[in-house]
Amino acid sequence: MKPYPYFSPTTKGLDFDGMKSAIASAPEGSIILLHACAHNPTGVDPTRDQWKEIAKIVRAKKHFPFFDCAYQGFASGSLENDAWAVRYFVSQGFELCIAQSFAKNFGLYGERAGAFHFVTGPGPDAQDTVGRIASQLAILQRSEISNPPAYGARIASLVLNDEALFKEWEANLRTMAGRIIDMRKALRAKLEELSGQEGSWKHITEQIGMFSFTGLTEKQVLKIREEAHVYMTKNGRISMAGLNTGNVEYVAKAMDKVVKEVQ
């Protein structure tokens, strides 16, 4: 197992050239793990054009795409938009699998509910392939899980199969994602107001989803934790969902202060 370049500390965005180069140089037939949307921990997603380039490389090297889909609906607020990358790969005839979690977008974190999807490639023997895959998955789940808790899965199933509940859930997702997007805008605006440099914190709004790589160094993180009791991981990752209208200005002032005082 090998990691590939993804986040650029310089631009605080996607290291797309590094990512492409690593995927292209991986041994033919490698399994490539990809985040469908709202990349954790960086909050940086490829654009649709970049996804198309990634797909071309994956096809050329006969790689197998494995999508991690943990935040559908939490990135843009649209289930359709957030599923675009996965659906594009499927439309291109890729055989792939998707690990989908309902922990966040259904509020079922303690239940660990989700779904595993395996999409077979098109072909005359596709139906036989489905049967073989299903039998292997049945063996694996029996040995690894046997009888998983049903409570969370039944809640998800109820909502997904009821038109009225599904629409209500979509509205809830738009509310949640919209609030996080608003907090990104508010944090960036206050930071740039304090720094006096327009665009200096643009990565806050260019990133997407629950998390953001702020760009703070480990020294700055430890300082802001000690002095302002603002907590984030040592690599500067902050949960945007923790911000609200009552604390965003306090957090912005603390971040501005520590960036100016600690190099």
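This is a dialogue on reading a predicted model of one protein chain.

Trainee: Where do I start? How many helices and strands are there in the protein chain?

Mentor: Start with the inventory. The protein chain has 10 helices and eight strands. Then take the extent. The C-alpha trace spans about 65 × 45 × 30 Å along its principal axes.

Trainee: What percentage of the residues in the protein chain is buried?

Mentor: Of the 263 residues, 41% are buried. Look at contact range as well. Among contacts with a separation of 6 or more, 66% join residues 24 or more positions apart.

Trainee: How do I read a nonpolar core? Which residues of the largest one touch the most other members?

Mentor: The general idea comes first. In soluble globular proteins, nonpolar side chains tend to be buried together. Now this case. The largest nonpolar core has 39 residues, and Leu 187, Leu 216, Ile 224 and Met 255 touch the most other members. Helices α6 (151-160), α7 (163-195), α9 (218-228) and α10 (248-261) each supply at least two residues of this core.

Trainee: Which residues does Leu 187 touch, beyond those up to four places away in sequence?

Mentor: Leu 187 touches Ile 204, Met 240, Leu 243, Val 248, Val 251, Ala 252 and Met 255. There is also a second, separate core of 24 residues, which includes Ile 32, Leu 34, Ile 54 and Cys 69.

Trainee: Next, helix pairs. At what angle do the axes of α7 and α10 cross?

Mentor: Read distance, angle and hand together. The axes of α7 and α10 come within 9 Å and cross at roughly 45°. The two helices are therefore oblique to each other. Their crossing is right-handed.

Trainee: Which residues of α7 and α10 meet?

Mentor: From α7, the list is Met 183, Ala 186, Leu 187, Lys 190, Leu 191, Leu 194 and Ser 195. From α10, it is Val 248, Glu 249, Val 251, Ala 252, Lys 253, Met 255, Asp 256 and Lys 260. Note Leu 187 and Met 255, which are also among the core residues that touch the most other members.

Trainee: And how are α2 and α4 set against each other: parallel, perpendicular or oblique?

Mentor: The axes of α2 (48-60) and α4 (residues 84-91) come within 10 Å and cross at roughly 40°. That makes α2 and α4 oblique to each other. The crossing is right-handed. On the α2 side, the contact is made by Arg 48, Trp 51, Lys 52, Ile 54, Ala 55 and Val 58. Trp 84, Ala 85, Tyr 88 and Phe 89 make it on the α4 side.

Trainee: What do the buried residues of α1 pack against?

Mentor: First, the residues. In α1 (residues 16-25), Phe 16, Gly 18, Met 19, Lys 20 and Ile 23 are buried. They pack against β2 (13-14), β3 (31-35) and α2.

Trainee: Now single residues. Is His 63 buried or exposed?

Mentor: Locate the residue, then check its accessibility. His 63 is in the loop between α2 and β4 (64-69). Its relative accessible area is 6%, under the 20% cut-off, so His 63 is buried. Then list its partners. Leaving out residues up to four places away in sequence, His 63 touches Ile 23, Ala 26, Pro 27, Glu 28, Gly 29, Ser 30, Ile 32 and Val 58.

Trainee: Where is Gly 73 found?

Mentor: Gly 73 is in the loop between β4 and α3 (79-82). Gly 73 is buried, at 0% relative accessible area. Beyond neighbours within four places in sequence, Gly 73 contacts Ser 78, Leu 79, Asp 82, Leu 173 and Ala 177.

Trainee: One last residue. Which strand holds Phe 213?

Mentor: Phe 213 is in strand β7 (residues 211-213). At 11% relative accessibility, Phe 213 counts as buried. Not counting residues up to four places away in sequence, Phe 213 touches Phe 7, Pro 41, Thr 42, His 203, Gln 207, Asn 235, Gly 236 and Arg 237. For spacing, compare chain and space. Phe 213 and Thr 233 are 20 residues apart along the chain, with their C-alpha atoms separated by 9.6 Å.

Technical notes:
Residues are numbered from 1 along each chain as its sequence is written. This is a predicted model: local features need pLDDT of at least 70, side-chain atom pairs count only at pLDDT 80 or more; totals for chains, interfaces and linings use all residues. Side-chain values use heavy atoms; hydrogens and water are left out. A nonpolar core is a set of buried Ala, Val, Leu, Ile, Met, Phe, Trp, Tyr and Cys residues joined through side-chain atoms within 4.5 Å. Buried means under 20% relative accessible area, exposed over 50%, partly exposed in between (1.4 Å probe, protein chains only). Helices (H or I, at least four residues) and strands (E, at least two) are DSSP runs, numbered from the N terminus. Contact means heavy atoms within 4.5 Å. Axes are lines fitted to C-alpha atoms, for helices over the stretch in contact, and angles run from 0 to 180 degrees between N-to-C directions. Angles under 35 degrees count as roughly parallel, over 145 as roughly antiparallel, 65 to 115 as roughly perpendicular and the rest as oblique. A crossing is left-handed if the near helix is turned anticlockwise from the far one by less than a right angle, and right-handed if clockwise.
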